[in-house]
Amino acid sequence: MTPQDGLPVPQRYWAMLTVFIAIVMAVLDGAIANVALPTIAHDVGARPEDAIWVVNAYQLAVTMTLLPLASAGEIIGYRRVYGVGLALFTIASLCCALSSSLLTLTAARVLQGLGAAGIMSMNAALVRFIYPQRMLGRALGYNAMVVAIASAIGPSVAAAILSVAAWPWLFAINVPLGIVALVIAFPSLPRTPLSGRRFDTRSAVLSALAFGLLIIGVSSLAHPADRSWAALELVGAVAAGAALVRREWPRSSPLLPVDLLRIPIFRLSIGTSIGSFCAQMMAFVALPFWLQDVLGRSEVATGLLITPWPLAVAVAAPLAGRLVERYPAGLLGGIGLATLCAGLLLIATLPAHPSDLAIVWRMALCGFGFGLFQTPNNRAMVGSAPRERSGGASGMLSTARLLGQTLGASLVAVTFGVSLARGSTLALLIASGCAGAACVVSCLRLTPSARAPRRKRA
């Protein structure tokens, strides 16, 4: 079956609506769970160090299953994996709302993470078939804008719900949204070509072990008492990863997309994504400590001062989606990441008593730079892959984001271990360096060797 170039209107708009609803659910859920963690720990009688598994279980489930589900999408169809993921996410949200203990809530969060992985692994792949190829950049820009808006309002939504209701309603709100998205999904989402190959269970297990142990090991590095375990976990991750690469290397459509990593533009875009999301996460984790502990701002003021960042992303993302139809992703990404690098450096070097305006415009500068980078980079990743490998490209897009975010959060913990007083400032400086390194990698995509056509394997 040869798929048409995008869906007709109005089916295209209905399909994007269900994609947007599902992405908003997944993004909001991560934000509101973080905000409500102290309340949840108190209500279920859990220690704070144990309650963190409400967040970690979700993240691990997502990271470990992204690539296997992306491969499954190419085999049985993107809309099927997406629909099952959306249904599972909705049911798991109800289970979270009905949970009365830390054990049941954590188990429900694992199921919710599996559902979120089904959504995230198929998101960009579906967008590629929903919109015509010539409009892919702006479609991914709209997607990035929705994510940014959801990120911006997440803490406010959580605070508003907790002010009038108990924490289970944070999860229960997903149920009606999920039902609406499911009703829209099946008649509107595109049918995509199937690969015809069989699902590789052994590779799926190796992938889950490699990424799961990597995430746990990197997180454990931040705790001196756990460093021995961290070393073992990282060794296990390397061993599982090496076995996976060896198994996947000769295959034409592998679960771990080593075939796509042979494409220079795709490989460099993955590197750019990891570096940039590492920088962003370092900033997002360090900024509340910097604003409250160093500058003495209140919790409410901290939230308001950080908000210009995601709002600027929401403004820049659709603009970048149109610009990438005319200018190279390497150039736009390089300019955006240079802007992010400069913004982070300007924040880290602020005087001891800056005005709110001085903070706000620097936050907006960072957000605008990140938004200018994100859409062209996603366009380069998805667009450089063959259409029949859109699932693998979509899975790697989300995996690169999660790896960068995990590395960034762990690096912040390390900086606080180096200096509690200056840890947040040091983290912002390192984040600026990560953004600068990602800028260099992005600009490498402008070289003739990176832009050369992919050579076919013998």
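The legends below describe views of a predicted model.

Local features need pLDDT of at least 70 and side-chain atom pairs count only at pLDDT 80 or more, while totals for chains, interfaces and linings use all residues. Residues are numbered from 1 along each chain as its sequence is written, and side-chain values use heavy atoms, without hydrogens or water.

**View 1. The fold of the protein chain.** The chain has 19 helices and 0 strands (DSSP runs, H or I of at least four residues and E of at least two, numbered from the N terminus). Its C-alpha trace spans about 60 × 50 × 50 Å along the principal axes. Buried residues (under 20% relative accessible area, 1.4 Å probe, protein chains only) make up 54% of the 458 residues.

View 2. The bond from V9 to P10 is cis, with omega near 10 degrees. P10 lies in the segment before helix 1 (11-43). Most peptide bonds are trans.

**View 3. The lining of the second largest pocket.** A pocket is an open set of points on a 1 Å grid over the protein atoms alone, where a 1.4 Å probe fits, with protein on both sides within 12 Å along at least five of seven lines; lining residues have an atom within 4 Å of a point. Of the 16 lining residues, F211, L214, L256, M396 and L403 lie nearest the centre of the second largest pocket. Two or more lining residues come from each of helix 9 (201-220), helix 10 (227-248), helix 12 (264-294) and helix 17 (390-418). Helix 10 gives the most, with 5 residues.

Notes:
Buried < 20%, exposed > 50% of the residue type's maximum accessible area, 1.4 Å probe, protein only.
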